[in-house]
Amino acid sequence: MTSTEQPEILAEIDGAIGRITINRPGKRNAMTLEMWRCLGQILEGWKSDSTIRVVILAGTGDKSFCAGNDIKEYATIRATAEQRVTYDVVTTHTYNLLKTFPRPTIARITGYCVGGGMELALLCDLQIAAASASFAVTPARLGIGYKLEDVELLLENISPKHARELLYTADKFMAETAERWGLISRAVPDDRLDDEITVLATKIASNAPLTVEALKVTIAEGTADKPDRARCAELVKLCDASDDRIEGQTAFAEKREPVFHKT
């Protein structure tokens with residue numbers, strides 16, 4: 001097990017599983033600009049580490065996954081148009097790193113999941129939430145604009161009707177509703193959350209990494225306006241030509257668990 005630590009972002013690699021924890025429980029894990037920058041640096045470093053097969057993103061404690069951006073910080077670092085551009089460059093870069101991370105990502109959600117925090121969760125491939133978790137997007141309550149990219153992210157997950165209710169009201173919705181809308185992958189009993197996520201992450205990490213990475217790309221291309229079919233076909237060829245494909249088929253025939261090496 002290896003780990004790195006910043007005051008408000010924790011990062012740990014445990015075997016094939018990378019764990020990132022937003023560690024600011026006294027502020028409901030609200031993100032500062034420096035925290036966004038630190039998260040981006042971790043993802044940048046991890047994306048080339050093929051030993052990491054799945055990443056879990058969580059918030060410290062059970063009261064909040066992430067309450068979004070630290071609004072109190074806005075008065076000093078988003079007061080001018082120039083500052084807002086700088087802020088958006090940093091956050092957008094980190095958003096893109098998380099969304100395009102080459103291996104599967106899982107958001108572990110407890111408590112409040114609000115605004116930028118919900119965007120963080122939606123940027124992950126899967127969202128597993130405690131039944132007591134709650135969700136909201138509140139620009140209408142703060143009098144701030146909501147970028148098209150953020151609306152598009154929301155619409156990738158839920159219908160326009162549900163997005164309108166979420167955004168127009170700025171109300172809080174519980175995990176049961178979030179699951180019904182498609183905002184999260186699933187809601188589970190609070191006392192089962194970690195067990196469910198461990199089983200899920202372990203199962204993903206044990207599968208053929210070349211295939212899983214290829215699937216992540218292909219799913220993204222499948223939802224694009226103009227999918228790169230040639231790229232997807234090439235990824236299929238790489239999987240079919242791999243030693244892991246032989247291992248998978250041999251293990252199936254021998255009725256044993258496969259051991260994949262990404263070769």
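Predicted model: local features only at pLDDT ≥ 70, side-chain atom pairs only at ≥ 80, totals over all residues.
User: Why is α4 called oblique to α6?
Analyst: Helix α4 (residues 116-123) and helix α6 (residues 148-155) pack at about 55°, with axes 10 Å apart. Under 35 degrees is roughly parallel, over 145 roughly antiparallel, 65 to 115 roughly perpendicular, and the rest oblique. Therefore α4 is oblique to α6.

User: Which residues make the contact?
Analyst: Met118, Glu119, Leu122 and Leu123 of α4, with Asp150, Leu153 and Leu154 of α6. Contact means heavy atoms within 4.5 Å. By class, the contact has five nonpolar, no polar and two charged residues. Asp, Glu, Lys and Arg count as charged; Ala, Val, Leu, Ile, Met, Phe, Trp, Tyr, Cys and Pro as nonpolar; the others, Gly among them, as polar.

User: What makes Arg28 partly exposed?
Analyst: Its relative accessible area is 44%. Buried means under 20%, exposed over 50%, partly exposed in between, with a 1.4 Å probe and protein chains only. So Arg28 is partly exposed. Arg28 has a positive phi of about 55°, although it is not a glycine.

User: How do you know whether Asn29 is buried or exposed?
Analyst: Asn29 has a relative accessible area of 0%, so it is buried. Asn29 sits in the loop between β3 and α1. Its phi is positive, near 60°, in a residue other than glycine.

Terms used
Residues numbered from 1 in each chain as written. Heavy atoms only, no water. Axes fitted to C-alpha atoms, helices over the stretch in contact; angles between N-to-C directions. Helix = DSSP H or I, 4+ residues; strand = E, 2+ residues; numbered from the N terminus.
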